[in-house]
Amino acid sequence: MNARQNGGLTPPNLSLHALMNPEPVFVLRTMDDRPFIPLHWTERLHDDMLKRAELNYSELSERRTTRDFSDRDVDRRLIELAILSGSTAPNGAHLQPWTWVAIRNEELQIRLREAAEHEERKTYSERMPEAWSEVLTPLGTDAVKAHLTDAPWVVVLFKQKKRQRSNGEWGPTYYATESCGIAAGMFIQAVHNMGLVTLTHTPSPMGFLRELLERPRHEEAVLVMPIGYPAEDAMVPDIHRKTLDQVAVFFDEQS
Ligand SMILES: Cc1cc2nc3c(=O)[nH]c(=O)nc-3n(C[C@H](O)[C@H](O)[C@H](O)COP(=O)(O)O)c2cc1C
């Protein structure tokens, strides 16, 4: 990579030198003088990489969407850490276009459940096309949303569709849907990793959440995620994940 390709930050041989040299040697700046810092990165031995990758996959394989929650309480700090973890997600133009609304409030959870069940009853009885119900039936879902009041916490993720610019005008956010999807994935991973369970619930339609949770017009609810411990008798559908061959295509000249 030459200096132009790496943004004019360093002469071509310096980034390797910076990685090898433990001393913090550079204050890197772009041409328009915005501050850059050296990348913090740890090189790992191949065996260690493989072990970590296997472990990560094995732990993620254990994750299941859980619809039966215990009412056992969860420390607020754990929820804060899950939100912080989700918020490390890569995101369009670094606008971080998300708001996490974390609820541990019995009265509000009851109102949330009533409103969600009101919509879901209509969806299940009138609005759901057959192509949708045929794939939901094996999952055993219905219009009863007990998890919204059983789980100690419910986190609702809102996508910010617009942002206020420094001149006060409204401008768009970029790739907010993708960004929130990635953030939700990282949040779910964090919840799983700390030993709790969640459900990615999408009451349909979700418009009622903005009003109920007093969010502004430029925000749109994308996911409702109850979080807690599973009920002692929690059951999950016996479903299977696609194999690598079914989900991936490689163009790999080395195999
Ligand atoms: C965007 C999205 C929306 C979902 N909406 C619902 C939902 O409204 N209700 C529900 O019970 N599960 C919902 N799920 C959970 C899926 O049904 C579940 O992830 C899928 O069946 C795979 O099961 P697993 O998560 O245990 O691997 C949703 C998942 C995603 C990613």
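I first sorted the shell around the ligand by class and found 4 nonpolar, 5 polar and 2 charged residues, where Ala, Val, Leu, Ile, Met, Phe, Trp, Tyr, Cys and Pro count as nonpolar, Asp, Glu, Lys and Arg as charged, and the others, Gly among them, as polar. This is a predicted model, in which local features need pLDDT of at least 70 and side-chain atom pairs count only at pLDDT 80 or more, while totals for chains, interfaces and linings use all residues. Residues are numbered from 1 along each chain as its sequence is written.

I then listed residues around the ligand, among them Arg-64, Arg-67, His-201 and Ile-239 (near means a C-beta atom, placed from the backbone, within 6 Å).

Next I looked up the largest nonpolar core, which has 34 residues (buried Ala, Val, Leu, Ile, Met, Phe, Trp, Tyr and Cys residues joined through C-beta atoms within 7 Å; buried means 20 or more other C-beta atoms within 10 Å, exposed 12 or fewer, and partly exposed in between, with C-beta atoms placed from the backbone). Helix 7 gives the most to this core, with 8 residues (helices are DSSP runs of H or I with at least four residues, strands runs of E with at least two, numbered from the N terminus).

Turning to the backbone, I noted a cis peptide bond between Ser-204 and Pro-205, with omega about -5 degrees, and placed Pro-205 in the loop between strand 7 (197-198) and helix 8 (208-212).

His-94, although not a glycine, has a positive phi of about 50 degrees, and I found this residue exposed, with 9 other C-beta atoms within 10 Å.
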